[in-house]
Amino acid sequence: MSNSSSFTVVVGFDGSRDSQAALDWAVEEARQRSGQLHLITAWTKQPMSWYPAVMETAVGGIAVADSPQEDASAIQAKALRSLEEKGVHATGQVVHTHSAAAAILDAAADADLVVVGSRGHGGFIGLHVGSVTTHVVNHAPAPVLVVRPKAS
């Protein structure tokens, strides 16, 4: 729990639909408690990869892929800009790690609440709760709220 007088909400954000739902919930929770909002976006470099990756497209064109760090930074920056436009102050941290769950848990050390989506980009599509969420729920030092997006 946070030692400061402000309620701190940490939210895991990877740009997925579920993490957007978690962010929306975290914003409201922070507003209701006059608290602070802190976004965590984790990235990892795949073994044996180099960036920028240059690939040939199916129609013979050339595409350049951004690095995972650039992607993560862009995803988080876009979310923070969107929040700022709505008058919501939030901080963010882009973390290079082997485990997104570890990055969220590290940030949660001083949090009063951790908010995560039920699943992110990776893993198996049929799972109701992803591995990162499961790990955070089982190891977080603060209460964890798992948010599922509304059915479309």
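Me: A helix here is a DSSP run of H or I with at least four residues, and helices are numbered from the N terminus. In this predicted model, which helix holds both Arg31 and Glu28, and how many residues apart are they?

Reply: Both belong to helix α1, where Arg31 and Glu28 stand three residues apart, so about one helical turn separates them. The two residues form a salt bridge, in which the closest N and O atoms are 3.1 Å apart. Both partners are partly exposed, Arg31 with a relative accessible area of 46% and Glu28 with one of 36%.

Me: How many salt bridges does a search of the whole structure find?

Reply: That search finds two, and the other joins the side chains of Glu29 and Arg33, with 2.6 Å from N to O. Here Glu29 counts as buried because its relative accessibility is 14%, which falls under the 20% limit, whereas Arg33 is partly exposed at 44%.

Me: What does α1 look like as a whole, and which elements do its buried residues pack against?

Reply: Helix α1 has 16 residues and reaches 23 Å from its first C-alpha to its last, close to the 22 Å expected at 1.5 Å a residue. Its buried residues include Asp18, Ala22, Leu23, Val27 and Glu29, and the buried set packs against β1, β2, α2, β6 and β7.

Me: What is the phi of Ser34, and where is this residue found?

Reply: Most residues other than glycine have a negative phi. Ser34 instead has a positive phi near 50°, and this residue lies just after α1, in the loop between α1 (17-32) and β2 (36-43). Ser34 is also exposed, having a relative accessible area of 61%.

Me: How should I read the packing of two helices, and at what angle do α3 and α4 cross?

Reply: Two packed helices are described by the angle between their axes and by the distance between those axes. For α3 (residues 100-107) and α4 (residues 131-139), the axes come within 9 Å and cross at roughly 35°, and the crossing is right-handed. At the contact, Ala100, Ala101, Ile104 and Leu105 of α3 meet Val132, His135, Val136 and His139 of α4, a group that divides into six nonpolar residues, two polar and no charged.

Me: Which residues of α3 are buried, and what do they pack against?

Reply: The buried residues of α3 are Ala101, Ala103, Ile104, Leu105 and Ala107, and these pack against the strands β1, β2, β5 and β6 as well as against α4.

Notes. Residues numbered from 1 in each chain as written. Predicted model: local features only at pLDDT ≥ 70, side-chain atom pairs only at ≥ 80, totals over all residues. Heavy atoms only, no water. Axes fitted to C-alpha atoms, helices over the stretch in contact; angles between N-to-C directions. Left-handed = near helix turned anticlockwise from the far one by under 90°. Contact = heavy atoms within 4.5 Å. Nonpolar A, V, L, I, M, F, W, Y, C, P; charged D, E, K, R; others polar. Buried < 20%, exposed > 50% of the residue type's maximum accessible area, 1.4 Å probe, protein only. Expected span 1.5 Å × (residues − 1). Salt bridge = Lys/Arg side-chain N within 4 Å of Asp/Glu carboxyl O.
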